[in-house]
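Below is what I looked up, in the order I looked.

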Amino acid sequence: MHALFASARNQVAIVLTRATNLATGVVVPLMLMSLLTLPRLHHLDPTTATAVFTGVLLASFWGASLWSGAGILRRERDMGTLAPSVTGRPSALTMLLGKTLGGVVFDIGLIVVTNVLFVLAAGIRLRIAHPFVFMLGVIVVVVCGVASSLMIGALLILSRYAFQLTTALGTPVMLLGGTIIPHDVLPPWAAAIGNVINLAWLQRFMVSTATTPDWSALLIALGLSAAYAAVGIVAVRVMLRWARKEGTLELA
Amino acid sequence: MSWHEILRANARLGWAMLRADWPPLVWLVGALLPEVVRMLVFVAIGSITGGSEGARYALIGCVVLSVAGTCVSAVTDIPAIDVALGTYRTIAAAGVPVFVQYVARALALAAAALVVSVCVAITLGLVTGQPAMIWPLVSRVWMLLPAVAAATMLGLVVIAPAIGSNWEGITYNAATALVTVVSGAVFAVTVPTLQAVGDVLPLTHAIRALRESLTGEPWMGEWMLEFAVATGWCIIGAFVYRAQTARGRRTGRGAYAA
C-alpha cells in the first residue's frame, strides 16, 4: 500500500511539471462547456445543465486519461525509466496502479475545478438532488478511470504506433461513449457499440443523481471496469515478458 | 543556395517529413479518421443545441474548422522538431528568414488539410443525412485557401514563444480550442467579446464567406477579410521569429536551447 501511494505521489509530482495536463484538464473542458452551454445559455434547465456538467467531466477525463494516465508507460519507455520502475521491490503492477491513480486523481480534480469555475462564471444552475450520491459517483469515476487507463496504457505500449493510436482512440469514444453526445441522438447500432464503454454507464448514473439514482447503471459501469482491469493486467504481463524475458519491447 | 532553392528544399523536406511520420495507413487511422469523428462530434453538438438547423449550420462550419487540426496543431511540430534536433541554428543561418522557410515547409500539411476538409464534407454529409450538401461544399473547397493560410500562420506564431520550453503542448491546444469556440463553426457567436476575438482569428471570415456563398449572398468581402487575417498573422509571425532567433543568439535559450 505504501508503494502504491508513493507511486501515486510520484506521478502527481511529474504531471505538475507538465503543461500538457493543463490542455487536457483546463482547455478541453472549457471548450466543451462553451460549445454545449453558450448557444442555449438563456434556456438551459438545471437538469440538462447537470447532464452537460457530468458529460464534459467524463469526456474530458477520457481525453486526459489517454494522454496522461495511459501515457505513463509510453513516457517511462521514452525517458528510459521503464526498467527501474518495473524491476524494484514493489510489483510492477502496484507501481503502475499507483501511478495511474495519481494521474487520474489529478486529471479529474483539475477538470472538476475547471467545470465548477465555468458554471459559476456563466451563472449556470445545476440540479443535484443527492449530493452524497453524486460524490460517490465522482469516486467511482476515479476507480473506473484507473481501470480504463490501465488497460489502454498497457495495450498501447505493445504497439510501435502508440502515439498515433492514442489520437485514433480519442474522438470515437467521445462520440460513442454517451457522455456529451447522448445515445438517443445516435443510430441504434452506434449506441449499442457505446454500451460497452464504461463512461456511458457512468454518465447515466451521474445524470440520474439529479432525480433518482440509477444503481443498475453504476453496477454495470463497475462490471465493465473490472473487465477492463483484467485485460489491462494481462497486457501488463505481456509487456513485462517482452521487456524482461524476450527483450523485444523496444521493437514493439 | 539561392532563396528559391532554399524554399524548394524546405517544401520537399516538409513533404518528406509528412510521409515519414504519417505513412498512408497510419495517417488514415491516426489523423484523418479522428479528425472526421471530431467534426462529427461537433455536428452532433450543433444538432443537440440547435436541432436539424443547428446540424446543418455546424456541418458547413466544420468543413472549414477541420483544417485547424492540421494547420494550427500539426504545423507546430515544424519548429518544435527543429529545436529538438538542434537544427534551428543551422536554418537560421540561411539567407531566407526562418519564418518564410517554415511556411514553405508547411505547404505539405496545408495540402493535407484540404484533403481532410473534402473527406469531412463527404463523410459528414452522408452520416448526418445531408447528402445534398456534399457537392456544394466539395466544389467550394478552394474557398478555404485563405483559411488554410491564416491557420498555418497562427500555428507557427503560437508555438514560437514556447519552443524549447515545457509549454509547447498547451499553446496549440489552446489556440485550436479558442478557434473552435469563437469562429462560429459550431454555433452562432453572439457574445460581443467573443465575436471581436473571432474576427482577428483564422477561419471566422472564411466560414462566413462559405455560408454566404451557399445562400447566394455576396461573399467576396468576408473572403478578402480572411486573407487580411492571414496577412496580419504572417506579419506577426515574421516579427516573432525574428525576435525568437535574436533572443536565442543572445541567450542560448528558446530555439537555441537544444
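**Entry 1: a helix in chain B**

Why is helix 11 of chain B largely enclosed by the rest of the structure? I looked up its residues, 204-214, and nine of the eleven are buried, so the rest of the structure largely encloses this helix. I took buried as under 20% relative accessible area, exposed as over 50% and partly exposed as in between, with a 1.4 Å probe and protein chains only. Helices here are DSSP runs of H or I with at least four residues, strands are runs of E with at least two, and both are numbered from the N terminus.

The buried ones are B:Thr204, B:His205, B:Ala206, B:Ile207, B:Ala209, B:Leu210, B:Arg211, B:Glu212 and B:Ser213. I then checked what they pack against in chain B, and the partners include helix 2 (24-73), helix 9 (168-182) and helix 12 (220-251). Helices 7 (134-138), 8 (145-159) and 10 (192-200) of chain B are on that list too. After helix 11 of chain B comes B:Gly216, with a positive phi near 80 degrees.

**Entry 2: ground rules**

I noted that this is a predicted model, where local features need pLDDT of at least 70, side-chain atom pairs count only at pLDDT 80 or more, and totals for chains, interfaces and linings use all residues. Residues are numbered from 1 along each chain as its sequence is written, chains are lettered from A and ligands numbered from 1 in the order in which they are written, and side-chain values use heavy atoms, with hydrogens and water left out.

**Entry 3: chain B as a whole**

I counted twelve helices and zero strands in chain B. Its radius of gyration is 18 Å, close to the 18 Å that the globule rule gives for 258 residues, so chain B is as compact as a globular protein of that length. That radius is taken over C-alpha atoms, and the rule is 2.2 Å times the number of residues to the power 0.38.

The C-alpha trace of chain B spans about 55 × 40 × 35 Å along its principal axes. Of its 258 residues, 52% count as buried. I also looked at contacts (heavy atoms within 4.5 Å). In chain B, among those between residues at least 6 apart in sequence, 73% join residues at least 24 apart.

**Entry 4: one leucine**

Next I picked B:Leu178, which sits in helix 9 of chain B. Is it buried or partly exposed? B:Leu178 is partly exposed, at a relative accessible area of 39%. Beyond its neighbours within four places in sequence, B:Leu178 is in contact with B:Ser183, B:Val197 and B:Leu201.

**Entry 5: over to chain A**

Chain A has eleven helices and zero strands. For its 252 residues a compact globule would have a radius of gyration near 18 Å, and the 18 Å of chain A agrees. Its C-alpha atoms fill a box of roughly 60 × 40 × 35 Å along the principal axes. Buried residues make up 55% of chain A. Of the contacts in chain A with a separation of 6 or more, 77% are between residues 24 or more positions apart.

I spot-checked two residues. A:Ser148 belongs to helix 7 (residues 131-156) of chain A and is buried, at 6% relative accessible area. Apart from neighbours within four places in sequence, A:Ser148 is in contact with A:Asn198 and A:Tyr228. A:Thr48, in helix 3 (residues 46-69) of chain A, counts as partly exposed at 26% relative accessibility. Its C-alpha atom is 9.7 Å from that of A:Arg125, 77 residues away along the chain.

**Entry 6: where the chains meet**

How many residues of chain A are in contact with chain B? I found 27 of them, in contact with 28 residues of chain B. The area buried between the two chains is about 2,400 Å², and carbon and sulfur atoms give 83% of it. A:Met31, A:Leu35 and A:Thr171 supply 23% of the area that chain A buries against chain B, more than any other three residues. Buried area here is the accessible area (1.4 Å probe) that two parts lose on being put together, summed over both.
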